[in-house]
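Some notes on this model follow, point by point.

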Amino acid sequence: MKKIIIFGLSLGLIGGLAGCGSDSTDSANSSTSQTTSQSSQSQASSERSNQSFKVSADEAIKAYQEAYPDSDITSLELESSLGKYVYKIEGVDDEKEYEMTVNADTKDVSKEREETLDADDKGGAKRKEDKLELDKLLSVEKVSDLAVEHVGKGEATEWSLDKELGTTYWEVKVKDGQKERDVKVDAQSGKILESETDD
């Protein structure tokens, strides 16, 4: 009789352990599939948030520097103009201010403007104050991801590179339906500096 009870308890214990093992496997599989699903969703949302451009900001900057080698860049914007994206780049040297555009798909360059600086901006004053820090510059795609992630959803549609209080930053416009948010991202570290809703 004792043997039957011990045998029955052993079977019950083995069955219980097998059930637990099966539950943890199911739970691990379920957890893996949830992670995979979340990863797919975040990939899809980042793909939607990103425009892709044949010409990078670095390439547009090089095109400007080839055209005006002795000047410094003071602003860069990437925006849609007549259905195509263009980089609009401004810069200065000690005497003049320059502006040019670079097509974001074809790399076609057009010089827009060249004019003499005002007396108080000459001699390197404007150059020193407004020169952007371009070393280790984060790409448009990277700052788009950071800005959209910060907002939660939407699509990055406009970008500008500027400087304030000695910090060079990207300002990214994120559009979600009728809502628009401007997100300022440190151009080198990727830190979110400021975020505000457009009225």
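1. K136 lies in the loop between helix 3 (125-130) and helix 4; helices (H or I, at least four residues) and strands (E, at least two) are DSSP runs, numbered from the N terminus. K136 is not a glycine, yet its phi is positive, near 55°. With a relative accessible area of 76%, K136 is exposed. Here buried means under 20% relative accessible area, exposed over 50%, and partly exposed in between, with a 1.4 Å probe and protein chains only.

2. L82, in the loop between strand 1 and strand 2, also has a positive phi, of about 55°, without being a glycine. Its relative accessible area is 85%, so L82 counts as exposed.

3. On provenance: this is a predicted model, in which local features need pLDDT of at least 70 and side-chain atom pairs count only at pLDDT 80 or more, while totals for chains, interfaces and linings use all residues. Residues are numbered from 1 along each chain as its sequence is written, and side-chain values use heavy atoms, with hydrogens and water left out.

4. The largest nonpolar core has 34 residues, and Y87, W159 and W170 touch the most other members. Such a core is a set of buried Ala, Val, Leu, Ile, Met, Phe, Trp, Tyr and Cys residues joined through side-chain atoms within 4.5 Å. Elements that each supply at least two of its residues include helix 2 (57-67), helix 4 (140-151), strand 5 (155-164) and strand 6 (167-176). Helix 2 gives the most, with 5 residues.

5. The structure holds 5 aromatic pairs. Rings of Phe, Tyr and Trp (its six-membered ring) pair if their centres lie within 6.5 Å; planes under 30 degrees apart count as stacked, over 60 as edge-to-face and the rest as tilted. F53 and W159 are an edge-to-face pair, at 5.4 Å centre to centre and 90° between the planes. F53 is in the loop between helix 1 (2-49) and helix 2 and W159 is in strand 5, so the pair ties together parts 106 residues apart in sequence. Both F53 and W159 are buried. Together with Y85, they form one aromatic cluster.

6. Y64 and Y68 make a tilted pair, with 5.2 Å between centres and 50° between the planes. Y64 is buried because its relative accessibility is 0%; Y68 is buried at 7%. The charged end of K111 sits over the ring of Y68, 5.3 Å from the ring centre. The criterion is NZ of Lys or CZ of Arg within 6 Å of the ring centre and within 35 degrees of the ring normal.
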